[in-house]
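Please walk through this model with me, pocket by pocket and then across the surface. Keep the sequence and the 3D view side by side.

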Amino acid sequence: AALIPARNEEAVVPLLIDSLKKQRYPQELFDIYVIPNNCDDDTRGAALRAGAKVLDCDLDVHSKGEVLRFAFGKLLQEQAQYDAFCIFDADNIVDGGFLQAANNALAAGYEIAQGYRDSKNPNDSWAAGCTSVFFWFMNRLYNHARFALGISASLNGTGILIGSDLVRRMGWNTHTLTEDLEYTAQCAIREVKIGWMEDAVTYDEQPLTLKDSFTQRRRWAAGSFQCFKRYNKALLCRAIKKRKLDALDIGTLF
């Protein structure tokens, strides 16, 4: 199941749904779910018209992590047939080979994995270009390098694969503004290795202005500090007691 949390994404979510419907993967083997939350526009209608299913989030949610927890609870309770979930941001475009690459990661034994996060608009402004460079470096010099060393990758917010058995076992209990970094820390503490799917490409829209970029980075910084307070001690203890490089290195992300 493809999961798309969406808040006021009427203009862009049909493009993502269209890219998912064009996957080089059997159409009968996956479903697309949009989870509208706190919307003031017609995100719900746009999703339905584009051919997706809709999970109406009727809870008081304040973060993407809370929306995902709602979606997992609904789908694992009512739709037990899903082997895994793929998480996307509503303004993404997904490469046609993403789901096949995700399937390959599952077949290789990974319960959770991060795909290649590329940029949808690197040439639109200098701010978008700089953010694009950041993710290209993250892909190559962090996740690819860690994969080559046989240690865990880090989740980057979108283009994520997570097996349903892992969700049942660990849950999705994130409480910070950076649910991807938080779940990465939880996996490191529980010694769950995050795979790297270089062929599973997602094109993400980058902020165009310095103001938008600053707002995004302020949220990331606040979320990183929240994760530091919650998990740094546990990661350090795990690294020392178990001699786990993954746990020690994930702590440096905060």
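Which helix gives the most to the lining of the second largest pocket? It is α4, with four residues. The model is predicted, so a few ground rules come before the details: local features need pLDDT of at least 70, side-chain atom pairs count only at pLDDT 80 or more, and totals for chains, interfaces and linings use all residues. Residues are numbered from 1 along each chain as its sequence is written, and side-chain values use heavy atoms, with hydrogens and water left out.

Stay with the second largest pocket. A pocket here is an open set of points on a 1 Å grid over the protein atoms alone, where a 1.4 Å probe fits, with protein on both sides within 12 Å along at least five of seven lines; lining residues have an atom within 4 Å of a point. Its volume is the space filled by probe spheres set on the points, which are joined across faces, edges and corners. For the second largest pocket that space is about 300 Å³. The lining has 18 residues, and Ala1, Tyr25, Leu29, Phe30 and Ala84 lie nearest the centre. Both β4 (84-87) and α4 (98-107) supply at least two residues of this lining. Helices (H or I, at least four residues) and strands (E, at least two) are DSSP runs, numbered from the N terminus. By class, 13 lining residues are nonpolar, two polar and three charged. Nonpolar covers Ala, Val, Leu, Ile, Met, Phe, Trp, Tyr, Cys and Pro; charged covers Asp, Glu, Lys and Arg; the others, Gly among them, are polar.

Now turn to the largest pocket. About 1400 Å³ of space lies there. Its lining counts 41 residues. Nearest the centre are Lys64, Asp89, Gln216, Arg219 and Trp220. Five elements each supply at least two lining residues: β1 (2-6), α3 (64-78), α5 (126-148), α7 (179-189) and α8 (210-242). Helix α8 gives the most, with six. This lining divides into 15 nonpolar, 14 polar and 12 charged residues.

Next come the salt bridges. The whole structure has 10 of them, each a side-chain nitrogen of Lys or Arg within 4 Å of a carboxyl oxygen of Asp or Glu. Aspartate 18 pairs with lysine 22 at 3.1 Å, N to O. Lysine 22 is exposed at 58% relative accessibility, while aspartate 18 is partly exposed at 35%. Exposed means over 50% relative accessible area, buried under 20%, and partly exposed in between (1.4 Å probe, protein chains only).

Arginine 44 and aspartate 56 meet at 2.8 Å, N to O. This pair links distant parts of the chain, 12 residues apart: arginine 44 sits in helix α2 (residues 43-50), aspartate 56 in the loop between β3 (53-54) and α3.

Lysine 120 and glutamate 205 form another bridge, at 3.3 Å, N to O. Here the partners are 85 residues apart: lysine 120 in the loop between β6 (112-119) and α5, glutamate 205 in the loop between β8 (195-204) and α8. Lysine 120 is partly exposed at 30%, and glutamate 205 is partly exposed at 32%. Elsewhere, salt bridges that share partners join Lys64, Asp89 and Glu179 into one network.

Val133, Trp136, Phe137 and Leu141 make a nonpolar patch of about 390 Å². Phenylalanine 137 lies in helix α5. Patch residues have over 30% relative accessible area and no salt bridge; nonpolar side chains (Val, Leu, Ile, Met, Phe, Trp, Tyr) are joined within 5 Å, like charges within 9 Å. Accessible areas come from the Shrake-Rupley method with a 1.4 Å probe, and for residues only the protein chains shown count as cover.
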